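Thanks for sending this one over. Here are my notes, as numbered points, to read with the model open beside you.

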Protein chains: 2
Amino acid sequence: MVKWTNYDELDSAKELASLKNQVDVKSVMSGDNGAKRVKEYSVPMSSGLVYNYASKQVDDKVVDTLAKLADEAELVDKFACLYNGEVVNTGEKRLVLHQLTRGQLGDDVVADDVNKREFYVSQQERIAEFANKVHNGEIVNEKGEKFTTAVQIGIGGSDLGPRAMYLSLENWAKTNKCFKMEARFISNVDPDDASAVLDGIDVAHSIFILVSKSGTTLETLTNESFVKDALKKAGLDPSKHMIAVTSETSPLAKSDDYLDAFFMDDYIGGRFSSTSSVGGAVLSLAFGPEIFARFLNGAAAEDKNSTNKDIRKNPALLDALIGVYERNVLGYGTTAVLPYSQALSRFPAHLQQLDMESNGKSVNRFGEEISYKTGPVIYGEPGTNGQHSFYQLLHQGTDIIPLQFIGFKNSQMGNDVVIENSTSQQKLKANVAAQIVAFACGKDDDNRNKYFEGNRPSSIIVGDELTPEALGALLAHFENKVMFQGFTWNINSFDQEGVQLGKVLAKKVLAGDTDGALKAYSELLEI
Amino acid sequence: MVKWTNYDELDSAKELASLKNQVDVKSVMSGDNGAKRVKEYSVPMSSGLVYNYASKQVDDKVVDTLAKLADEAELVDKFACLYNGEVVNTGEKRLVLHQLTRGQLGDDVVADDVNKREFYVSQQERIAEFANKVHNGEIVNEKGEKFTTAVQIGIGGSDLGPRAMYLSLENWAKTNKCFKMEARFISNVDPDDASAVLDGIDVAHSIFILVSKSGTTLETLTNESFVKDALKKAGLDPSKHMIAVTSETSPLAKSDDYLDAFFMDDYIGGRFSSTSSVGGAVLSLAFGPEIFARFLNGAAAEDKNSTNKDIRKNPALLDALIGVYERNVLGYGTTAVLPYSQALSRFPAHLQQLDMESNGKSVNRFGEEISYKTGPVIYGEPGTNGQHSFYQLLHQGTDIIPLQFIGFKNSQMGNDVVIENSTSQQKLKANVAAQIVAFACGKDDDNRNKYFEGNRPSSIIVGDELTPEALGALLAHFENKVMFQGFTWNINSFDQEGVQLGKVLAKKVLAGDTDGALKAYSELLEI
């Protein structure tokens, strides 16, 4: 039996607190020692990725203490509890099974009299069969014509993750001749969102994927109506253009309104659902089931790395605990995610949800108030774009922001030009290497305006190329990092009670049941 | 003569510091008093917008002290110095003249023997003439066919602002029948960025806008080559498909490589250049010069509001100083920008650059180190999407994040559906009203997991509709807010020395001139 203990009650946490300002990055990253650290402070991941933490404010002593912390807090054992099917989501009294969508790390998990791994696989198989039929022309529109566009209707986890994954692989798939159809996404209840997407597609050749676990998400049902209206206005039958991804118990599950329905369940939170049917339907339609399967394989391989009890061989665990050290000992409140890959343009937005929704909590898993900091603010944009934007503050602002770089040796599309003796890809890589060192080592200058203090910590994940496997591994790395941090802080990373109050009050506004400030704001906005 | 004084030397700053925790939002926003505040704590802006700060942690006493601070720091006088042409950008010894692109608030400004207002207007007129000729078929491709797509090649300020503005008005223009041509953007040196954009357009009917003030920006020149290669491969003459936006002294200014060149100058920083030729060329091509002129009018009207010495009638000044109070007295390190408008999807990314690049500084305008906090981290995504994502942390996380909401009474496209007795636009507005009150007032609950502490401050800018004028006013509001904060902190908001070191090191990497950590990272990335 693992023991769930608050972070500030752990002996190793107290020891860690004594190691504040243990390492000055500027001094340890200078000269030959810097090169040595880059070579040594590197953890292999799966799919050719490596997690390098040379420029973090840690040394062997700090990492040894993080290892103790991992042991004392039984983090890897708690992960085992999770994948073996314990009720780890205590708030909602649910199992947490997203890892089972891509592999099986432990015992068979049976819930509701169903082997859950078999259930998830069966849904993947059903989606694969459906997607293949769409691609080969067995499932077609009313006129017998092939569908050319898949449109996901969903919000939050049913939108950000699948959208980020689609964008990550869109150009890779086109280059590698496995691109099947365009995907688009409708999410916001803002009517201009659905209108703009619908204006930009050929609805007669579009298949819509309605994604809502409960079948009751306001935005999604509203946007479904929007789409149905557009289909009807075009003289089309909505039920021939729409599939559902939902839970088996939802009102959408067995409705004649859809060509077919694919299932998820309560054991997969929205923000962890990219590898479930939520991501599976749209990605299998866009790229084919084989590509989706490769993406799952990458995630599964990285999940396996996360079971390693040796922190120096478990990149998600190490990344998580360095983050805890930065948050709780060094006192940094935000983290920037900076992928040097345009394909990962929306990956930071997905991580923003994954991390902030999971670990933005002020009570422990027993509902008791805690007195230490939990999840940081996460944000980011691709490099080199960010360099010409907010990096100024990262370099010379008054707060230190830990940085999470991501880079690849090769581009996805292979198309390049040589200018001044280097390719664009080389320039891209030269920039990320330069930034890491600039942040770490800074630069002296008598003109204080041109002075760089340095000692600004970063890590980088380096890969060969952003393939489906590499993307799966990246995704799993961050999912597991967030999970390990949640375990460390003794919070429940798998519920989201903080989103409920706004929903309740919005309903009151729409019902006209308001007074005081709510009524005044309603008047201001002329609702 | 104004006096440039460090923030912590101002008497009013010390007085402000004594007002920490002066206001509990939860208590003042409850009941009738909350409704009263919503009505009273409201400042009219131009173009039908209003800035409402009822849910901020301020009361009359705090605002009175902010007014004193504005007076003591001579903030409005410093703005006058700026628009009257003093060398306000002390680091680079430059005037700061972006306001002159949209109006004239003070004296004639003559620099380099040129009346600068006349210069900016002349460039607008040249762009208008050019754009009209493209639209009416006088300027065409080699085959005599009309151009259908404009592609901006630029990075940082030459990308983020114009891109955000384009997306803000794209659907409005389509709905209002003034849409002239699509715009696309190439920015990142990642070769996959240019490749993907080029794959998605019809190059034979595309006109490319190369934007670089110096004419030496690495990313932009590299992407120009990328585009030229693509044009040549398609059998086209690049010089018949490309215009330049640059300074008159740049190598691009009088080159036969371009159909035409339009000018900017050193007195307009990239992040403040959306209303200059940098935004003017692409927006005039996309929507027509009349729409760009309306956008400028909106910005000019809001600039005028920023000259008001009464803080209660100067929304940018009030917004700025409430931000200073939150940053320096209440100790909040980040601000989230949350537009309830899908059209503003990239507006937060633009503000992120505008704010963080301007005010992420640790030295004052004389190059002396300062010991107080300056610019916060800025990030955001459109609502209602964000509600299903990172709002969990905003509601129940361990840090307080000030929030900047933006909302409109009407949608841009006018297309809507009624579900459960309300339109999507009503649902959108109900959600933003509900969120403000949820953040401010929270909710008691014996279950601490469902407990909302409240007292989370926000403001909202409300408009009738996101028109060109409203967008211009919004943009100017934030530009002036950032400027006033920079003046208050006594920093130079108009240089960006923090971006230089990375450029220097990247060049070293590409030249193979590396050792130590830089060499090791270069090897890790196989550059």
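1. The buried residues of α18(A) pack against α17 (500-510) of chain A, and also against α3 (31-40), β2 (50-52), α15 (424-441) and β15 (458-463) of chain B. Contact here means heavy atoms within 4.5 Å. Helices (H or I, at least four residues) and strands (E, at least two) are DSSP runs, numbered from the N terminus.

2. Before going on, please note that this is a predicted model: local features need pLDDT of at least 70, side-chain atom pairs count only at pLDDT 80 or more, and totals for chains, interfaces and linings use all residues. Residues are numbered from 1 along each chain as its sequence is written, chains are lettered from A and ligands numbered from 1 in the order in which they are written, and side-chain values use heavy atoms, with hydrogens and water left out.

3. How much of helix α18 of chain A is covered? Of its 9 residues (516-524), 7 are buried, where buried means under 20% relative accessible area, exposed over 50% and partly exposed in between (1.4 Å probe, protein chains only). Those buried residues are Gly516(A), Ala517(A), Leu518(A), Ala520(A), Tyr521(A), Ser522(A) and Leu524(A). Just after the helix, Glu526(A) takes a positive phi of about 50 degrees.

4. Tyr521(A) deserves a look of its own. Leaving aside neighbours within four places in sequence, Tyr521(A) is in contact with residues of chain B, including Met29(B), Val38(B), Asn52(B), Ile436(B) and Ile460(B). Tyr521(A) and Tyr521(B) have the most contacts inside the largest nonpolar core, which has 297 residues. Such a core is a set of buried Ala, Val, Leu, Ile, Met, Phe, Trp, Tyr and Cys residues joined through side-chain atoms within 4.5 Å. Apart from it lies another core, of 33 residues, among them Leu198(A), Val203(A), Ala230(A) and Met242(A).

5. Now for the pair of chains. Chain A can be laid on chain B with an RMSD of 0.0 Å by a turn of 180 degrees and a shift of 0.0 Å along the axis. The two copies are thus related as by a two-fold rotation axis. The copies are superposed by least squares on the C-alpha atoms of residues with pLDDT of at least 70 in both. Within chain A, Tyr379(A) comes closest to the rotation axis, its C-alpha lying at 3.3 Å. The copies meet through the same surface, because 99% of the interface residues of chain A are also interface residues in chain B.

6. As for the fold, chain A holds 18 helices and 15 strands. Of its 527 residues, 67% count as buried. Among contacts in chain A with a separation of 6 or more, 74% come from residues 24 or more positions apart.

7. Two buried loop residues are worth a visit. Asn314(A) sits in the loop between α11 (289-305) and α12 (315-329) of chain A, and it counts as buried at 0% relative accessibility. The Asn314(A) side chain reaches the backbone nitrogen of Leu317(A) at 3.1 Å. In chain B, Ser493(B) lies in the loop between α16 (468-489) and α17 (500-510), and counts as buried at 2% relative accessibility. What does the side chain of Ser493(B) make a polar contact with? The partner is the side chain of Asn359(B), at 2.6 Å. A polar contact is a pair of N or O atoms within 3.5 Å; within protein, one must be able to donate a hydrogen and the other to accept it, and residues adjacent in sequence count only if both atoms are side-chain atoms.
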